[in-house]
Amino acid sequence: MKVVVLIKMTTVIRGNPNRAENLEAILDPGNVALDVNSYDLAALEEAQRLKESIDYVHITAVTVGPESAVKALQIAHGMGADELIWVDAQYEGGREMELAGLLAEVVSKQGFDLVLCGLKSDDVGTGLVGIGVAEILGIPAVTRSVKIEILPDGGPLQIHRHVGKGNREVVHCPLPAVITVERSRRMPRYPGVARYLAARKKIIRYAVEQQPGTQVSLRHVETKKAQPRPKKIFTPDDNLSAADRMKMIMTGGMARKKKKKAQSVVSGSEQLYNFLVKNGFLKNKA
Amino acid sequence: MEQNKLWVVAENVDEGLREASFEVLTEVARLASRRGDQIMVLFCSAPDADVNKIGVELASYGADALLPLEVVPNSSRCVGGAIADLAKECRPDAIFIAETIWGHDVAAWVAAKLRTTLLSNCVELGLGPDQELTVTRHVYSDTVAVKYASLGEQTMVITIQPGLFNVKKAFPGKTINLLERHAAQAQNPDPVQVLGFIKADPRTVDIVDAERLVVGGKGMGTAENYKLIHEVAEILGAAVGGTRVARDNGWVTLDRQIGQTGKTVAPELLISCGVSGAIQHTMGLKETKCLVAINTDKHAPIHKLADLSIVDDAPRVLKEFIAKIKTG
């Protein structure tokens, strides 16, 4: 089975932008660090586990980016990838679908049964490229997978997807397919040093004639420090007196909750039981 | 449909529409009233759904038209495809969806089919100097905000983070234009088959996702007493958490520690036993809906946050509570 894993390097900001005087200096390409996308590492780990579970799995790691992107391939090789492809091209934000088109071209040239990639990236995190590749190739896609199993007799893949609150959905998906991987308890393995160092000789470079590309219908207005999340605006309770309302507004609605005072007559466990029953967390047995 | 420039895709849950969809609608209605735009709400309705009732409710939030969609099969890919087909025809300015698991998938399929970009997880909507739509999204782990403005040539696909905007019935008595049910049969049926659903097991679920938590601190005293926490958790179907002290003593593992050096949780119910409530711990449980505190110290800061304060020895209260449940 040929598995292609799409990986990328993400930008990691050094320091805290909220405390920085000059945001541009922090975002300057010379000052930022690069790291492999954590979701893509999870995808590589899934690929490795597939390799361990059945006999023949060939893993190809593909990355798109400038020279610095090669490190992602070294790590992929360290984790066990067999073939490394570096597409020497650069796509800025807003052109994810062009990138998806390029990746689709590369993987179909390479030949594949399964494409794995991270759910989204750590830096920009649009979460579009995986589904974009599936759409362009016209193959099914499953998102947020936390567990991939191969059913015997060449059947479909059985995938557990994360659907929030720790719940999972089990789906069957025929090959070929694109699967985007969610970070899970399965920690990505550490890359082996020998393979990491040997990777540079194995990298196959594709140079791409960068097309001018379609015009992105977006204009960048500004980049600024992120404000603390705008929480829902607090409005005080109408029933309170004017003074109480003022107090609540001044404290931002953080006024202490009205407590049910512990009554000395009723024991602690009795109070706990009654409270849980009253609020519907426990069924009353009596 | 052509005059409706802003589309909102609402998400169904069992009892109706998701709260996050109303947040999106309220916020979009605020923009639309300034720009004089019409809003159309799209939602995937079951054939027997009471569309009129939903329509009246949506109108009071500011919707101008309602288009019930009937997509077979009802997967995010096919729904996204149906919406993208409609969008190619009617060319709305923007399509808004709440960033939930379903919402993100549908938005990504719509964007992929329209060959446009996806502005996911937006935190702010606004209007520029020429009344053009602007959106702000956070990048680099929510530390930097980037603002974009629409050039108005392509349809923008935007998902909005839930929990940021107020839900407000700003247009009481408004009427809605109920459009005819749009049925779409996917040409290529989605080959992905959903087989089942596995409910999270409270014993193994990540505490970040847990709906109920029982948390123990230094006041539990010994590892022996900490077993009471596990017993109570079993009774309530809750997950077990701990403070830094509990973790240092080896009562819980690191992945169950709550607070500054652990995780931030948002359960419906949290029972805090023998926890004083130091800020390093309580900053991890700010989102808790209902907090019960059991601590011998009546001046402990945890009591100030609690919905129910019990000033008593936590192991004894738990022991009695377990005995009470067991005897019925």
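In which helix of chain A does Q74(A) lie? Q74(A) belongs to helix α3, residues 70-79 of chain A; helices are DSSP runs of H or I with at least four residues, strands are E runs of at least two, and both are numbered from the N terminus.

Before I continue, a note on conventions. This is a predicted model, in which local features need pLDDT of at least 70, side-chain atom pairs count only at pLDDT 80 or more, and totals for chains, interfaces and linings use all residues. Residues are numbered from 1 along each chain as its sequence is written, chains are lettered from A and ligands numbered from 1 in the order in which they are written, and side-chain values use heavy atoms, with hydrogens and water left out.

To return to Q74(A): its relative accessibility is 7%, and it counts as buried (buried is under 20% relative accessible area, exposed over 50%, partly exposed in between, with a 1.4 Å probe and protein chains only). Leaving aside residues up to four places away in sequence, Q74(A) touches Y196(A), A199(A) and R200(A), where contact means heavy atoms within 4.5 Å.

I turn now to chain B. It contains 9 helices and 18 strands, and its C-alpha trace spans about 70 × 45 × 40 Å along the principal axes. Of its 328 residues, 55% count as buried. Among contacts in chain B with a separation of 6 or more, 66% are between residues 24 or more positions apart.

Next, the cysteines. How many disulfides are there over all chains? The count is 0, a disulfide being a pair of cysteine sulfur atoms within 2.5 Å. For C90(B), the closest cysteine sulfur is that of C44(B), 16 Å away and therefore too far for a bond. C90(B) is buried, at 5% relative accessible area. C273(B) is likewise in no disulfide, with the nearest cysteine sulfur, in C290(B), 13 Å away; C273(B) is buried at 0%.

The whole structure holds 1 cavity of 30 Å³ or more; on a 1 Å grid over the protein atoms alone, a cavity is a set of points where a 1.4 Å probe fits but cannot get out, and lining residues have an atom within 4 Å of a point. The largest cavity holds about 40 Å³, a volume being the space filled by probe spheres set on the points, which are joined across faces, edges and corners. Its lining draws on both chains, including L119(A), T143(A), H104(B) and A108(B). Two or more lining residues come from each of α5 (129-137) of chain A and α4 (101-114) of chain B.

Note on methods: 1 Å grid on protein atoms, 1.4 Å probe; cavity = no way out; pocket = protein on both sides within 12 Å on 5 of 7 lines; lining within 4 Å.
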